[in-house]
Amino acid sequence: MPENETTAPSLENLLHETRAFPPSSAFAAQANAQPSMYEDAAADRLGFWATQARDLVTWSTPFTQTLDWSGAPVARWFADGKLNAAYNAVDRHVEAGLGDRVALHFEGEPGDTRTVTYADLQREVSRAANALESLGVRTGDRVVIYLPMLVESVVAMLACARIGAPHSVVFGGFSADALRSRIADAEAKVVITADGGYRRGAPSALKPAVDEALAPKEGAPATTVEHVLVVRRTGQDVDWTEGRDVWWHDAVDGASEVHEPVQVEAEHPLFILYTSGTTGKPKGILHTTGGYLTQAAYTHKYVFDLKPESDVYWCTADIGWVTGHSYVVYGPLANGATQVLYEGTPDTPHRGRWWELVEKYKVSILYTAPTAIRTCMKWGEDVPAGFDLSSLRVLGSVGEPINPEAWMWYRRVIGGDTAPIVDTWWQTETGAIMISPLPGVTATKPGSAQVALPGIVADVVDDEAHSVPDGGGGYLVLSEPWPAMLRGIWGDLQRFKDTYWSRFEGLYFAGDGAKKDEDGDIWLLGRVDDVMNVSGHRLSTTEIESALVSHDVVAEAAVVGAADDTTGQAVVAFVILRGEHADRATTPEGAEEVQAELRNHVAVQIGPIAKPRRILVVPELPKTRSGKIMRRLLRDVAENRTVGDATTLADSSVMDLISAGLKKPSSNED
Ligand code: PRX
């Protein structure tokens, strides 16, 4: 029986008794972070960043300028310096005599394992870089990576970085259509994929989605992709296009293990990562090399208090998301960390799988998402109690607000009541952590991400861009440029300016609501735009609406994120069927069939992660006189609340119609 259901003290008591956890003196004495870092950065912010860049990154040509903000909002950091990100992540550790240190403890879902040292990684990355070059990839060419969590995924990213070919990783859960549009937008030359991967106890296929994404399609431009490099993971049958498709083992295994990394300018693109915005079209977030690597390494060292000689670090994020880029690949490897890389899901073959891995590898730093923590809470604390978790000494949280109850559970049940929790706020766009406590320095507080890191300037402002006083709420903004900031949206500078820089003059608008508490600490309150956050994954309401209306039976659709105890938010769709199909939803069976069809259609258009939890067939949608859908009212319906103020509706009877309609058997839940 999960303890939180029966014996846990009330949340109010918990918060009252334990408003903040000061660092233990033992932790503080050994901590990487020092209180003086805040003072140093405040006194000379650019000098502080220049020091980090020199201390944590190896430059083939040292930089002399720290920041050029003359082209704002496109920043140039360390612009006259040169470096190679893969060299920094791998080779320099081998050169320093650390070749035998384990870089990756890979654990496949079926239980197969592979230990990769830094020397192994250097050989693998060099071979892969040579293989990519022999397939025609040159500095500046884009490579799309569509892989499960494998050693090859890390190797592929670093091989691209070694050549200076920007990678664009597409999460393996995205559909062929989503993959096609990302490949087309990036104009990729090569795609790296696998036959499949293991998920929930069975092989699942990946290559067919690549084949479909590259197949000629009416109205779509001819593909720019010349080769597909395929990792054999599951051994399942795959279709093969001669001349285009190449097995990874054929191209990479025999390639030379010597490769000279290409030293690129600090502002050379390192990667493009697509993320959902408020419009239907995903944005290609562009990150460059020097500033990104500096902040990824800096945050990883200080926020997680990494001691590379003794720690075993594990970030559970997939490389398809930015967390996997900055805190599986670039940050930890730049710092010479030893880490766990796990292919599968937390509950396969049993619900203790994660904790089993923590015990097996003596993981000391764990970085995961609140949804995962809440799911483990639901499974009950007797599951982690069956494993020795005493190696854990720092716990991280990312991707969505963590509720104080989950925070307390994480600390007590997983962290043995001693491990500090770092609740880290950041975004694909920020590239690296921006707001977080520093363990050993900051007293941690359940539910609050707390303070901007040294070198970062964040604020909460009102509608007029005025800083709100302590105790006030508003919008989270970043007031000064930071090294890992996005340098734009791939191919669309205007959209970059409009999206982030037009809401408040001279400030970066993150899209999040936030408040400051009486101590001035920041609490994140979720998105204030049309972006949803489901299990820490960003989804656009507009993108899912577009997917729904592209189905024949749908006339109109509105999507909202409804509060959900486990996943933070859940996708709820309201659809109006086209006249000729309206009859289909009048019987329970008919409605179920339509709903199943639509959910499947969204999975095909975007990916299974975007499937609506519920689809409600309605006769009308609530709109203002100017035709804007009032999502606030739909959210009330989706969350089973009394519908709020509807006086600005063009037709105020609409909500009655919707409520009456929903009493009929036309709503479903998966
Ligand atoms: O709303 C914030 C939420 O996730 C958004 C960024 O999503 P994405 O670009 O996919 O990056 C996720 C991993 C960095 C933010 O705008 N978010 C992220 N971290 C937190 C958070 N919300 C609250 N607390 C956090 N620690």
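A residue is near a molecule if one of its heavy atoms lies within 4 Å of it. In this predicted model, 17 residues are around the ligand.

**Surroundings of the ligand**
- Of the 17 residues around the ligand, those that come nearest are T424, T428, D512, R527 and R538.
- T428 also places a polar side-chain atom 2.6 Å from an oxygen atom of the ligand.
- For D423, a polar side-chain atom lies 2.8 Å from a nitrogen atom of the ligand.
- The side chain of N533 has an N or O atom that is 3.5 Å from an oxygen atom of the ligand.

**Helices α12 and α13**
- Helix α12 spans residues 290–303 and helix α13 spans residues 322–334; their axes come within 8 Å and cross at roughly 85°.
- Angles of 65 to 115 degrees count as roughly perpendicular, and α12 and α13 are therefore roughly perpendicular to each other.
- On the α12 side, the residues that meet α13 are Y292, L293, A296, A297, T299 and H300.
- On the α13 side, their partners are H325, S326, Y327, Y330, G331, P332 and A334.
- Sorted by class, this contact of α12 with α13 has 8 nonpolar residues, 5 polar residues and no charged residues.

**Residue Q295**
- Q295 is part of helix α12.
- Q295 counts as buried because its relative accessibility is 0%, and buried means under 20%.
- Leaving aside residues up to four places away in sequence, Q295 touches W49, T430, A432, I433, M434, I456, W482, P483 and A484.

Definitions and conventions: Residues are numbered from 1 along each chain as its sequence is written. This is a predicted model: local features need pLDDT of at least 70, side-chain atom pairs count only at pLDDT 80 or more; totals for chains, interfaces and linings use all residues. Side-chain values use heavy atoms; hydrogens and water are left out. Axes are lines fitted to C-alpha atoms, for helices over the stretch in contact, and angles run from 0 to 180 degrees between N-to-C directions. Helices (H or I, at least four residues) and strands (E, at least two) are DSSP runs, numbered from the N terminus. Angles under 35 degrees count as roughly parallel, over 145 as roughly antiparallel, 65 to 115 as roughly perpendicular and the rest as oblique. Contact means heavy atoms within 4.5 Å. Ala, Val, Leu, Ile, Met, Phe, Trp, Tyr, Cys and Pro count as nonpolar, Asp, Glu, Lys and Arg as charged, and the others, Gly among them, as polar. Buried means under 20% relative accessible area, exposed over 50%, partly exposed in between (1.4 Å probe, protein chains only). A polar contact is a pair of N or O atoms within 3.5 Å; within protein, one must be able to donate a hydrogen and the other to accept it, and residues adjacent in sequence count only if both atoms are side-chain atoms.
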